[in-house]
Amino acid sequence: MAQAAQTNAFDANNSPIRVEHDKKRRQFVIRLNSHDRAVLLYEYVGKKTVDLQHTEVPDAYRGRGIAKHLAKAAMDFVVEEDLKAHLTCWYIQKYVKENPQPQYFEHIYQ
């Protein structure tokens with residue numbers, strides 16, 4: 001029961017998780033409440049190459065699948081923009097392994 005209350009506190013309006021892409025800051029963001037947010041950081045390391053560097057979810061929100069939304073948004077961006085990606089972030093490596101989409105593998109430096 002306590003976990004359900006926690007989930008409701010995170011998503012009071014019962015709205016789906018929305019990932020924002022801040023291209024200027026090179027990050028994907030999920031706003032969790034007025035001051036907490038989950039982020040995935042990346043850098044361009046070449047003209048058509050990105051390094052997916054780091055995913056961070058605040059401790060209180062871990063284990064709820066939030067990072068999965070960030071990882072999917074980042075990988076979809078890589079595919080849509082026809083980029084190549086280095087997967088420095090261990091979580092993105094795990095996400096791709098658990099969600100083996102052919103279009104992802106075509107865009108990853110092995």
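This is a predicted model: local features need pLDDT of at least 70, side-chain atom pairs count only at pLDDT 80 or more; totals for chains, interfaces and linings use all residues.

Entry 1: I started with S2, which covers residues 27-31. S2 runs antiparallel to S3, and five bridges join the two strands. The hairpin from S2 to S3 passes through five residues. Then I moved on to S3 and S4, which are also antiparallel and are paired over seven bridges. Here I picked out Glu-43, whose bridge partner in S4 is Asp-51. The hairpin connecting S3 to S4 has two residues.

**Entry 2: the overall layout.** Stepping back, I counted four helices and five strands in the protein chain. Read from the N terminus, their order is α-β-β-β-β-α-β-α-α. The chain has 110 residues, and 35% of them count as buried. I also checked how far apart in sequence the contacts reach: among those between residues at least 6 apart, 47% join residues at least 24 apart. The accessible surface is about 7200 Å², and carbon and sulfur atoms account for 48% of that.

**Entry 3: helix H3.** Which residues of H3 are buried? In this helix, residues 90-98, I found Tyr-91, Ile-92, Tyr-95 and Val-96. Looking down the axis of H3, I see these buried residues fall within an arc of 135°, so they line one face of the helix. Trp-90, Lys-97 and Glu-98 are exposed on the face turned away from the buried side. I then asked what covers the buried residues of H3. The cover includes strands S3 (37-46), S4 (49-56) and S5 (84-87), along with helices H2 (66-80) and H4 (102-105).

**Entry 4: the core.** The largest nonpolar core holds 29 residues, and those touching the most other members are Phe-28, Leu-52, Met-75, Leu-87, Ile-92 and Val-96. At least two residues of this core come from each of S2, S3, S4, H2, S5 and H3. H2 gives the most, with nine residues.

Entry 5: Ile-92, Tyr-95 and Val-96 were already in my notes, among the buried residues of H3.

Note on methods: Residues are numbered from 1 along each chain as its sequence is written. Side-chain values use heavy atoms; hydrogens and water are left out. Buried means under 20% relative accessible area, exposed over 50%, partly exposed in between (1.4 Å probe, protein chains only). Contact means heavy atoms within 4.5 Å. Accessible areas come from the Shrake-Rupley method with a 1.4 Å probe; for residues, only the protein chains shown count as cover. The arc is that of the directions from the helix axis to the C-beta atoms. Two strands pair if DSSP finds at least two bridges between them. A nonpolar core is a set of buried Ala, Val, Leu, Ile, Met, Phe, Trp, Tyr and Cys residues joined through side-chain atoms within 4.5 Å.
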